[in-house]
Amino acid sequence: MNVTIDIVSDLVCPWCFVGKRRLAQAVALVQASHPESRFQFNWLPYFLNPNTPAEGEPYRAFLEAKFGSTVAVNKMQNDVSAAGGEAGVEFDFARIVTRPNTLRAHRLVYRAQSIGHRPATVEALVERLFVAHFQRGEDIGDVTTLADIAAACGDIKKDVADYLASSEGERPVRLLADKVTALGVSGVPFFIIQRRLSLSGAQSGEVLAAAIIEAMQ
């Protein structure tokens, strides 16, 4: 059976990285009991802060303004790190200097899907973008950085750089983000399974697996 899962996320959302890994755990659980199942993931854009400057902004300062204090930020990061460790994600928040505007990164994922890259290639690209931000401290709002990431995932660097330097893909990405918001999505990660069942948050692999099986019936 073919299972379609729409994944709404932002690439600067640490819980989205955790949610991605937990979804992989869920898929393994489902395929263990339903070996005939095949999965198609559609990555949909979301902007946690649509007002982020195009050049990005200082990471730590943004977080302290958002959460109110250094103590609150440290607690949030410790909580996320603990959850990430259980899901196989090692965060390195200390390496992050810039909180990027994610429009270009979302456009890169949109391009990969719209021109028909293989699902495994798209998955590798999304994974690499999360790794770039949360483990390597790379600026995923920068054209050259994104082109290098895409090339490492098998794309043509110059084609990607030319695309990102233009405005191509901006309108459809913004329209997708608006559509998601219009559906009532107000936080990420958000999973829509078979277009009939949805879950919000970085649910456990077991919870996601149960929801997938329910949606398959």
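Is Arg195 buried or exposed? Good morning, everyone. Before I answer, please keep in mind that the structure above is a predicted model.

Arg195 has a relative accessible area of 57%. The cut-off for an exposed residue is over 50%, so Arg195 counts as exposed.

Let us now look at the surroundings of this residue. Arg195 lies in the loop between strands S5 and S6. Its phi is near 60 degrees, which is a positive value in a residue other than glycine. Gln194 sits in the loop between S5 and strand S6, the latter covering residues 197–200. Gln194 is not a glycine either, and it has a positive phi of about 55 degrees.

The peptide bond from Val188 to Pro189 is cis, and its omega is near 5 degrees.

I turn next to a pair of helices. Helix H6 comprises residues 143–152, and helix H7 comprises residues 157–165. They pack at an angle of about 145 degrees, and their axes are 8 Å apart. The crossing of H6 past H7 is right-handed.

Which residues of H6 and H7 meet? From H6 we have Val143, Leu146, Ala147, Asp148, Ala150 and Ala151, and from H7 their partners are Lys157, Val160, Ala161 and Leu164. Sorted by class, this contact has 8 nonpolar residues, 2 charged residues and no polar ones.

Thank you for your attention.

How values were computed: Residues numbered from 1 in each chain as written. Predicted model: local features only at pLDDT ≥ 70, side-chain atom pairs only at ≥ 80, totals over all residues. Heavy atoms only, no water. Helix = DSSP H or I, 4+ residues; strand = E, 2+ residues; numbered from the N terminus. Buried < 20%, exposed > 50% of the residue type's maximum accessible area, 1.4 Å probe, protein only. Axes fitted to C-alpha atoms, helices over the stretch in contact; angles between N-to-C directions. Left-handed = near helix turned anticlockwise from the far one by under 90°. Contact = heavy atoms within 4.5 Å. Nonpolar A, V, L, I, M, F, W, Y, C, P; charged D, E, K, R; others polar.
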